[in-house]
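Below are some notes set down while reading through this entry, arranged as numbered points.

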Amino acid sequence: MKIIFLNAWRAELEDKIRAYLSSEVLSTDVFCLQEVDGGMRDVAEDILSEFNISSAEKDIVQNDRLAVSNFFKKEIDLQRSDLIIEGREELGLGLFSQIKIGNELINLGNIHGLPRPGPKLDTAERIEQSEQIIGFFETLGGRKIIGGDFNLLPDQKSITMFEDNGYIDLIKKYKVETTRNKHAWEKYPETVLYHSDYLFVSPDVKVKSFEAPDIEVSDHLPLVLEIED
């Protein structure tokens, strides 16, 4: 099974993201996308029209709006979808989807964490955000895959607490040097940050491959995961 997590940047690079998704649509089973608003709605409806979709949106502090969507090949058995981080506008957005492959359950979390404050450091809200995500998944049986744009640096408690709770941090394990690119660095030259996106898996997820290919389809890089069914 192949899963791609990507902050789509509202299709700011529309031609490039169209080309990328078109090249991946046949080989990918699940797309977990963030910033699926603005022009990205039309792109997704066009290229991923043969996929089943689960979506969520949320207004948060400072007039930000978060929008995430999970897209599944139609032959995939989607058991349920729920919001992970509900209600409070001072927390980010998470979309949970549970799928069944054979007799096994796979639990997916598509996360868009609080974008502000911009330095991507711990705050009480970001720590609570991670606590809510981890607490939600503790109640579930089956394999667990949690990824997306957390808007956090790697050494922050909001990130390391996933490892502390038994998850494998694939960004750390595979020594991914950056999940951003020049579009982010040129926009914020005073704070050049290299990490924002993460992928955590429970130990029972058998990873065949993982990478963050250096391609310009957004101001984030895709996180491409292949696992054994």
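Predicted model: local features only at pLDDT ≥ 70, side-chain atom pairs only at ≥ 80, totals over all residues.

1. Strand β2 (residues 30–34) is mostly covered, since five of its five residues are buried. In a regular strand the side chains alternate between the two faces of the sheet. In β2, V30, C32 and Q34 point one way while F31 and L33 point the other way, and all of these are buried.

2. In soluble globular proteins, nonpolar side chains tend to be buried together. Here the largest nonpolar core has 43 residues, and those with the most contacts inside it are I133, F137, I145, F150 and F162. Apart from this core lies another, of 20 residues, which includes A8, L21, V36 and V224. As for F137, its contacts, leaving aside neighbours within four places in sequence, are I84, F96, N107, L108, G109, K144, I146 and Y167.

3. A search of the whole structure finds twelve aromatic pairs. In one of them, the rings of F96 and F136 have their centres 5.0 Å apart and their planes at 65°, an angle over 60 degrees, so the pair is classed as edge-to-face. This pair links distant parts of the chain, with F96 in strand β6 (residues 93–101) and F136 in helix α3 (residues 124–138), 40 residues apart. F96 is buried, at 0% relative accessibility; F136, with a relative accessible area of 19%, also counts as buried because the cut-off is under 20%.

4. Which arrangement do the rings of Y198 and F200 adopt? They form a stacked aromatic pair, with 6.1 Å from centre to centre and 5° between the planes, and both Y198 and F200 are buried. Ring pairs also link Y198 and F200 with F150, F162 and Y167 into a cluster.

5. Helix α4 has S158, I159, M161 and F162 among its residues, and these four are buried. Seen down the axis of α4, its buried residues fall within an arc of 160°, and they therefore line one face of the helix. What covers these buried residues includes α3, β8, β9 (168–169) and β10 (197–201).

6. After α4 comes G166, whose phi is positive, near 100°. G166 is placed in the loop between α4 and β9, and at 38% relative accessibility it counts as partly exposed. The C-alpha atoms of G166 and G142 are separated by 14 Å, the two residues being 24 apart along the chain.

7. Three further backbone details deserve a look. Most residues other than glycine have a negative phi, and most peptide bonds are trans. R10, in the loop between β1 (2–7) and α1 (14–24), has a positive phi near 55° although it is not a glycine, and R10 is partly exposed, with a relative accessible area of 31%. N151 lies in the loop between β8 (143–149) and α4 (157–164); its phi is likewise positive, near 55°, but N151 counts as buried at 4% relative accessibility. The peptide bond from R116 to P117 is cis, with omega near 10°, and P117 is placed in the loop between β7 (104–112) and α3.

8. The last point concerns H220, which is found in the loop between β11 (207–211) and β12 (223–227). Is H220 buried or exposed? At 3% relative accessibility, H220 counts as buried. Its side chain makes a polar contact with the side chain of N7 at 3.4 Å, and another with the side chain of R180, at 3.4 Å. Leaving aside neighbours within four places in sequence, the residues in contact with H220 are L6, N7, D149, T179, R180, N181, S196 and D197.

Note on methods. Residues numbered from 1 in each chain as written. Heavy atoms only, no water. Phe/Tyr/Trp six-rings, centres within 6.5 Å; stacked < 30°, edge-to-face > 60°. Helix = DSSP H or I, 4+ residues; strand = E, 2+ residues; numbered from the N terminus. Buried < 20%, exposed > 50% of the residue type's maximum accessible area, 1.4 Å probe, protein only. Arc of directions from axis to C-beta. Contact = heavy atoms within 4.5 Å. Polar contact = N/O pair within 3.5 Å; in protein donor to acceptor, adjacent residues only side chain to side chain. Core = buried A, V, L, I, M, F, W, Y, C linked by side-chain atoms within 4.5 Å.
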